[in-house]
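Here is a short report on a single protein model. Please look at the sequence and the fold before reading on.

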Amino acid sequence: MSKQKKIAPSILSADFWKLGEDIELIENAGAHIVHVDVMDGHFVPVITIGPLIVRALKARTKMPLDVHLMIENPSSHIDGFIDAGADYLTIHYEASTHLHREIQQIKAAGVKAGVSLNPHTPLNVLDDIIHDLDLILIMSVNPGFGGQSFIPNTINKLKQLKQILKNKNLEHIEIEVDGGVKLDNIAEIAGAGADILVAGSAIYKAEDPAATIKEMNEILSKLN
């Protein structure tokens, strides 16, 4: 049986003046996961949020928190985000010096561990760690800013990753895509292998975010 396709709105595109309301909106509309982009101003140019916001979100929603660390030296911050309530914690291959140790640190806390790959990073860098993962996040834009266009070659990368997981009998690992996911491409992206679809501006900048989530769910339901 195929895994349920899940929508994970990114709060990077939410209105932080009314963040609680924006979280309630997506939960009531049928979103499955809250995607939290953490940026440090070093690995990517932008600085966003830290564990305090994650802790506040945990108290506000029943949806799992998918915390994506776009930061250098992730090992120094893993425990802080776990303590704040992360359900998924994803670190970048490109930012990690001791990837195996950091993945084990996450898993030892009972949190789902993920690794993210930038658009230029090949899948084979995961060969020695893939069996330890719960999630693989494929960046479909260059990390650091919201509102970018989907990089078309990501479709091939997703298909290759899906086949790799099948060949290794690792199909329980969830494949996530982040960047440029919209109503007009979500079916193709999910069909190529994505299980979790992160959408920021496509939802929060829409005229009717709730209707957009509903329409996305309708599209995905035909693929499940």
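## Basis of the model

This is a predicted model, in which local features need pLDDT of at least 70, side-chain atom pairs count only at pLDDT 80 or more, and totals for chains, interfaces and linings use all residues. Residues are numbered from 1 along each chain as its sequence is written, and side-chain values use heavy atoms, leaving out hydrogens and water.

## The sheet

Eight strands form an open sheet; 8 strands run in the order β1-β8-β7-β6-β5-β4-β3-β2, with parallel pairing. Strands pair if DSSP finds at least two bridges between them. Helices (H or I, at least four residues) and strands (E, at least two) are DSSP runs, numbered from the N terminus. The edges are β1 and β2 (34-39), each of which pairs on one side only. On average, neighbouring strands of this sheet are turned by 25° against each other, direction ignored.

The pairing of β2 with β3 is parallel and covers 6 bridges. Aspartate 37 stands opposite histidine 68 in β3.

## Helix packing

Helix α5 (residues 154-167) packs on the sheet. This helix touches β5, β6 and β7 (174-178), and its direction makes about 165° with that of β6. Contact means heavy atoms within 4.5 Å. Axes are lines fitted to C-alpha atoms, for helices over the stretch in contact; angles run from 0 to 180 degrees between N-to-C directions.

Helices α1 and α8 (residues 209-221) have axes that come within 9 Å and cross at roughly 35°. On the α1 side, the contact is made by Leu25, Ile26 and Ala29. On the α8 side, Pro209, Ala210, Ile213, Lys214 and Asn217 make the contact.

## Salt bridges

The whole structure holds 7 salt bridges. Each needs a side-chain nitrogen of Lys or Arg within 4 Å of a carboxyl oxygen of Asp or Glu. One of them joins glutamate 24 and arginine 60, at 3.5 Å from N to O. That pair links distant parts of the chain, 36 residues apart: glutamate 24 sits in helix α1 (residues 19-29), arginine 60 in the loop between α2 (51-58) and β3 (65-70). Glutamate 24 is partly exposed, with a relative accessible area of 40%. Arginine 60 is partly exposed too, at 45%. Buried means under 20% relative accessible area, exposed over 50%, and partly exposed in between (1.4 Å probe, protein chains only).

Aspartate 87 and lysine 58 meet in a salt bridge of 2.9 Å, N to O. Here aspartate 87 lies in the loop between α3 (78-84) and β4 (88-92), and lysine 58 in helix α2, 29 residues apart. Lysine 107 forms a salt bridge with aspartate 134, the closest N and O atoms being 3.4 Å apart. Lys3, Lys5 and Asp195 are linked in a network of salt bridges.

## A buried serine

Where does serine 10 lie? Serine 10 is in the loop between β1 (6-9) and α1. This residue is buried, with a relative accessible area of 4%. A polar contact of 2.8 Å joins the side chains of serine 10 and aspartate 37. Such a contact is a pair of N or O atoms within 3.5 Å; within protein, one must be able to donate a hydrogen and the other to accept it, and residues adjacent in sequence count only if both atoms are side-chain atoms.

Serine 10 also touches residues including His35, Val198, Ala199, Gly200 and Tyr204, not counting residues up to four places away in sequence.
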